[in-house]
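Here are a few notes to read alongside the model.

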Amino acid sequence: MIADFFSDHDWVHFLTIPVFTGVVGWLINWSGLVMLFSPVRFHGVRIPGMRELATVLPRKVQEVPGLLQGGVGWQGIIPARAAKMGSIAVDKAIAKLGTPSDFYQQLEPDQIAEHIVTVFRPEIPQLVDQVMREEHPRLWRDLPRAVREAVVERVQDQLPAVVTRVTDEIGNHIDQLLDPKIMVIDHFRNDPALVVRIFRDFGQRELNLMVAFGFVFGFLLGIPVAFADHIFGQWWLLPLLGVIVGWVTNALGMWLIFEPPEQRRILGIKVHGLFPRRQDQAAEVYARIIADDVITLERIGDFLLDGPRGDRTRQMLATALRPAIDKAAGPARPALRVAVGPDRFDTIRESVAREAVGRTLSPFKDEAFSRRQAEKIRVLVATRTKELPPRDFVEMMRAAIREDEWMLYAHGAIMGLGGGFLHLWMFGVGG
């Protein structure tokens, strides 16, 4: 029977099947990577009524990028889920990397205070002059120059103590004022290309290897398909088995990247996911991106003043600054209070404090200083990421893909179906 098989078999038909499945497997994984990363922004057309229609479609269909926004087109799976990856990255990793207080202390508040004093001191004369001209121009104009200069000098002398009090107050309340989760989610949502970079910067070699393995998986799976086609000789068999091969090829590719998180032996062979085996290198890349682009001193300052809890930050800073205004008047404070009236004096004090709040944290926006402090955040994030359990690390990286993996598998199945029909058209029915 074996002799009959080898003598009567159409070898061209038989051997081209695993070649076809190999090529299709390579194309599946290559195009699957394109689907994962490109385009960064949604490309397609908006269709009236699509948003409403999408809400009644099955939940899995709703996950196709663009549908719930009323469009038909495509956005890379990873950039489309950038905000979600940011959320899970915080829950799985960044929350374990450190509290807001840890990040703040890593930035060395003493150095921040020293930098604020250096930058803010030259602005004191202008600040005091501006407020006094707005609130009580006649009094300020009539004061002798020496008295005005003494007021400014007293404010400047108090500046180091005041700024230290401000940075201490921020540190004491940082857990209530700063929310790294919101910072990360907002930044990933606004800059989805950043999430693509996280994968590309450390995992491009593994992703290329996954594409190459697509051919290997496809070829190996094609061998039993060739035997089944010869034995049964049904026209529908190749397209049907092509669906299975396409689905399995993509599933194996994803498994190759992420599983198993810890090194194991399967049939005596050491097996370890391509990404988790390079956790240390990934940690360095991830830490650099987080420190340079996400949790930066500049963005912390923006969040403290203009984020959802900015009003609380401003109120807290104003409270810390008020005593400086009282002390600035020195021995003349009672006389000034009588001269301008208690209400007017309090208004001046509030105005100076309010104006000083924004300027106090403006040095946070100093790019050169922010870059120097970023190195400290990078070291913290890298160290803690390397210490993450492999399963948590994998979940952090896979979060943006997991719920949408079915799209990749369905894409592989469709391409396998097409490959089966193409082979059938070119070589006919086997057997």
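1. Is Arg288 buried, partly exposed or exposed? Arg288 counts as partly exposed because its relative accessibility is 33%, where buried means under 20% relative accessible area, exposed over 50% and partly exposed in between (1.4 Å probe, protein chains only).

2. A word on the basis: this is a predicted model, in which local features need pLDDT of at least 70 and side-chain atom pairs count only at pLDDT 80 or more, while totals for chains, interfaces and linings use all residues. Residues are numbered from 1 along each chain as its sequence is written, and side-chain values use heavy atoms, with hydrogens and water left out.

3. There are 10 salt bridges (a side-chain nitrogen of Lys or Arg within 4 Å of a carboxyl oxygen of Asp or Glu). One of them joins Asp201 to Arg288 at 3.2 Å, N to O. This pair links distant parts of the chain, with Asp201 in helix α13 and Arg288 in helix α15, 87 residues apart (helices are DSSP runs of H or I, at least four residues, numbered from the N terminus).

4. Asp293 and Arg197 also meet in a salt bridge, at 3.5 Å, N to O. Here Asp293 lies in α15 (residues 279-294) and Arg197 in α13 (residues 193-232), 96 residues apart. Do look at these four together: Arg197, Asp201, Arg288 and Asp293 are linked in a network of salt bridges.

5. Arg205 and Glu206 form another salt bridge, at 3.6 Å, N to O. Arg205 counts as exposed at 57% relative accessibility, whereas Glu206 counts as buried at 4%.

Methods: Helices (H or I, at least four residues) and strands (E, at least two) are DSSP runs, numbered from the N terminus.
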